[in-house]
Each structure stands twice: as C-alpha cells, then as structure tokens.
Amino acid sequence: MILKVNRKNIEVFEGALVRHALLSYFAWKGLDVSLVKNLTVYDRWGHEIDLDAPASQHEAIKFKLPKTI
Amino acid sequence: MKKNLFLSLLMFATLTASAQERRELHILSANDMHAAIEQFPRLGYVADSLRALYPDLLILSGGDNRSGDPVNDMFEIPAYPMVALMNQVGFHATVVGNHEFDSNQYGLARLIDLSTFPTLCANMEPDPKFNMHVKPYQIFDCGGIRVGVLGVTALGSMGTPESHPARLTDIKFSDPLETIQKYQFLREKCDVVLLLSHLGYDDDVKFSAELPWVDIIVGGHSHTQLDGGELHNGILITQNSKSLKYATHSTLVLEDNKIVEKKAERIAVAGAGEVNKTLVALLNYFSENPAFKRVLAVAETPFVCNEELGCMVCDAYIAETGAELSYQNAGGVRIESHEAGDMTVGDVMKMDPFQNDAIELHVTGKELSEMLIACYDNDKQRFPYVGGMTCEITTNPADSKITKLIIFDKDGKKLNLKKTYKVVSNSYSVAVSPTKRGDEGHSLGITTPDMIKNYLEHQGRVSYEGRRCLKLITK
C-alpha cells in the first residue's frame, strides 16, 4: 500500500496506520523517529487527522513539525 | 377591549401554530472512541447538559468503540466496559466499525446483547449461528420527528472490513453504496434520514453526490477532525479524530416537516471540566480490573535481563503464527527483569504496553538482514531481539554503525540469504525498517500483547534462564 507523505511515496504494510507511514518516512530520511509522536498531520483536504488513523483511508498526508523540539 | 382580546388570542394561536411547524432535531455524536473510557465522565456530563436543553437528544456512535485501552479490551468480557459506559451515557445507536470484530464474531454478538442500544450495519449479514443481532437501520421518534438511522461500514481491499480474516468468516459483506441505495424507502417513512457511517471521510463526501435522499452523515473511520460539520451536496457530514477529544452537536431545523437548516459544532470532551459522577464510579470500578491479575503462566526461573524477555516475545510470535523467524525492536520490551513465579496479564501489559499489531512478511534472508540493520539504525542503535535465529553483529566503535551481520538459523547454520522466510514482527519494528523488499507485509489483526498472552497461556510454564539471541562484537 502506497501513500504520499509530504509528496513522497511511502510504501507500508497492509493494515498500517498513519503513524507507521510517518515512521517509515522518518526512517527513510534518516530523521529521529521519536519525533513522530509530536507531529500534527493533515489529510489531502487540509483536515487534521490523528496518528492512529488507518493509512488506507488517506491517499496523501502532510505533517508539520511542532514549533518547539 | 374585545378587539384587543381577539388580537391577543390571534397572536397566541399564530405563535403556537408556528411553534408546532418549526421543530429542531439535536444529535450528539462521537466516533472512533477506541476505548477512551477515561473521557466518559466528561462525555456523560456533556450529554446530560444537552439533554437538559433538548430532552429528545439523539446520541450516536460512528463505530470503532473499542480497542485502545487494555482496561477495556482485556476485561473478562472483552470491551464490556465501553458497552456499560455507553449504556449509562444513553447512546441510542452505534454502527459496526472494523475494530468491533476484534474479539471475533461471538465476542461481538455478546457485546451487542449487552448493549441497551441497537448496533446497526446494513452491509453485513452474519450467519445465524452467531446469534448476532445487527440491524440495518432503526427509526427513532425524537419528540415527534421520525429519524431513520441507517448503518454502513467500510470494506477494505479484500472486500471485508480491515480485521483478521478469521474474525470475519461466515459473515457476508456487500458493497456499501449499493446497499445504502436499497434503503431509499426510509425517505418516505421518516422526516430525517441519517447515515451512520464507518466509511471514512473521503467516501462520505463521494457518496454524498449519490444520496440526495439522505440529510446527514455522521461519520467515522478516517479519524478526520472537522470543525463541526461540512455541507457536501447538501448533506451535512460530521466526524472527529479518535479517542473522544471532541464530540459533535448537530442541529437540524424542520419547518412544515422540511429541513430548512443544518449545522454542527464540535464540543471539546477531553480535558478538565464538570463530570458525571455515576460514570466516574463506573470507570473506577472497571479500572480495578481483576482480569489484570489473572495468571497466564509460571516462570520456572527468573528473567534477569531484557534480552531473555525479548527472546520470549520473539518465541511467542513464532509459536502463535507458525512463522519461521521473528524479530522485535529492543526498545519495545519495557521491563528489564521478572521474578520466578506467576506471570500475569498485568505483567504482559507492562512488558509490551504499545498495542502494536503483529505483521507477517515473506522476505528473503538478505531482505531480512537489511531490515534488521535498518531497525537497529532507527531504534537508537539497539539491535532487535530475534526468534528462530541468532545474530552476530559487528559494529564500528567510532560511530556504532554495523559493519558485519551474520545470521544463524535455529540449527546454528548460516541463514540462506536467497531463501524466502515467513517472518513476523510488530508494526513499529516493520515501520522503522523501511527497506526495498518484495513484500511490505500485512497486519495479522492481532496485537502483540495478545499474542504474548496467548503464548504464555499455551505454554503454562516457561524458562528463559541464560537464553541469548544476540552476540555483539565491537571492532
């Protein structure tokens, strides 16, 4: 299953949550995966969604880093 | 004087008539509550307050009521606390979400029987042997307004809800939109038609173009946080993110039995505020969950380090799934040791508190090797524990990067790097091991603590004294 995270295609396992797509994205980029829990995530319409949303429900997501890390 | 009296009476009659013609339907809805039992005292207070203003308040759930808190999900009757709390709040109906199947067909049937509200889903037909009392729709009389509530749930790529296939056998599922269209007769029978949807926001919007006879869609599944509601093709759509951070109060105004206004506002549930004290008492009762003290197995010898526990977790993955190999991120084993003696449900929850799903993959030895290294790199340079194999890991002392990894099978021979193996891990470990491989894997629809719990129950007695699966070399 593929979904776009900040415009990058990320392949995740069937049954994955948005959290898993973000973890994979961070791991690919060599970023600290522990930051994922603090992200604010939006669907393609710009609505906020949570990290436990099913990835299969979203074709594309975007995230914002918190202002203070 | 007579003229004034006549005018007063006329005005009173006019006001009364217009009051009869203008009516309001009020709905409080939540979705994807995922066992957020700690929010129920607040939700109860919100419901009580709205009910005081609007006695005919309709309270609905957009599905996925359970799965998210072990206090609920590991209760003696799994997920019963949520049902009891929803009964107490006064829910009128829920739709079946994919997580409602998490304690299998019989578990769901039992929960439905314990609910004081109907469970709706038009696009599922369980075999009669389950005695599962799911209804397609229910018509409610809300202060003289007839409200038809039709339930429908999402189907994944397999044509079934996203759950373990074994929990869905002998239940027929049908296409959501085709099914919904069969219930168009509700338009004739009711003043308001409400679709209680566990389809997700995208489908709710898409379907709204096909459903001009529906007035409102109370949604769930995609955890989409709307600012109250949105109008799409004239249909009011509502949904919130998970765990009862918010609920939605929708208002439909009817004049001469026609809807003239639709609006929705979100209400913050999470956080401090007034609470319903009966629900506090009920929550306290459930929180002292005796199921947590249940003994699953006896540890014949103490677990003296994290690695021995990690080996046991990996053995559980293999024994409970028939996998050949397994791995588990080291950071996911949250206790360092355990005394010899009883191992309880509570011990498992402390050991693995994250409610990760078990993931099955079919990967070659080489692909697995790359996944283990990626997991190491992304899990604070801690090598994952493994089952069905042992690993010899050489790292560079300068940057702790792995310079060499040798994997041995259970017979002590080097793992065949070309052979494909059935591997099971947890969802976190797989997510932080994003390598290029032939199979991304799929969820088995069971959480890893459940798997460990089952393993201990099946074993009865365990001993991992001196067991090691990793050999670390620094040079």
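Here are a few questions and answers on this predicted model, covering a sheet, a helix pair and a chain contact.

Q: In what order do the three strands of the open sheet in chain B stand?
A: Let's start with the pairing, which is mixed in this open sheet. Strands β23 (402-409) and β27 (470-474) of chain B stand at the edges, each with a single partner strand, so one side of each lacks a neighbour in the sheet. The order is therefore β23-β22-β27.

Q: What is the average twist from one strand to the next in the sheet with the order β23-β22-β27 of chain B?
A: This is an open sheet of three strands. From one strand to the next, the twist averages 15 degrees.

Q: Which residue in β27(B) stands opposite B:E392?
A: Strand β22 of chain B covers residues 389-395 and pairs with β27(B) in the parallel sense, over five bridges. Opposite B:E392, β27(B) places B:K471.

Q: Which helix of chain B packs on the sheet, touching β22 and β23?
A: Its direction makes about 130 degrees with that of β23(B). The helix spans residues 365-378 of chain B, and its name is α12.

Q: Are α4(B) and α9(B) roughly parallel or roughly antiparallel to each other?
A: Helix α4 (residues 80-89) and helix α9 (residues 277-287) of chain B have axes that come within 11 Å and cross at roughly 170 degrees. Angles over 145 degrees count as roughly antiparallel. So α4(B) and α9(B) are roughly antiparallel.

Q: Which element gives the largest share of the side of chain B that touches chain A?
A: The contact takes 27 residues from chain B and 23 residues from chain A. On the chain B side, β12 (224-225), β20 (357-364), α12, α13 (427-431) and β25 (442-447) each supply at least two residues. The largest share, four residues, comes from α13(B).

Q: How many polar residues has the side of chain B that touches chain A?
A: Chain B brings 27 residues to the contact. Among them are eight nonpolar and five charged residues, and the polar ones number 14.

Q: Which residue in β12(B) is the bridge partner of A:E48?
A: Strand β4 of chain A (residues 48-49) and β12(B) run antiparallel, joined by two bridges. In β12(B), the partner of A:E48 is B:Q225.

Notes
Residues numbered from 1 in each chain as written. Chains lettered and ligands numbered in written order. Predicted model: local features only at pLDDT ≥ 70, side-chain atom pairs only at ≥ 80, totals over all residues. Pairing = 2+ DSSP bridges. Axes fitted to C-alpha atoms, helices over the stretch in contact; angles between N-to-C directions. Contact = placed C-beta atoms within 7 Å. Nonpolar A, V, L, I, M, F, W, Y, C, P; charged D, E, K, R; others polar. Parallel < 35°, antiparallel > 145°, perpendicular 65-115°, else oblique.
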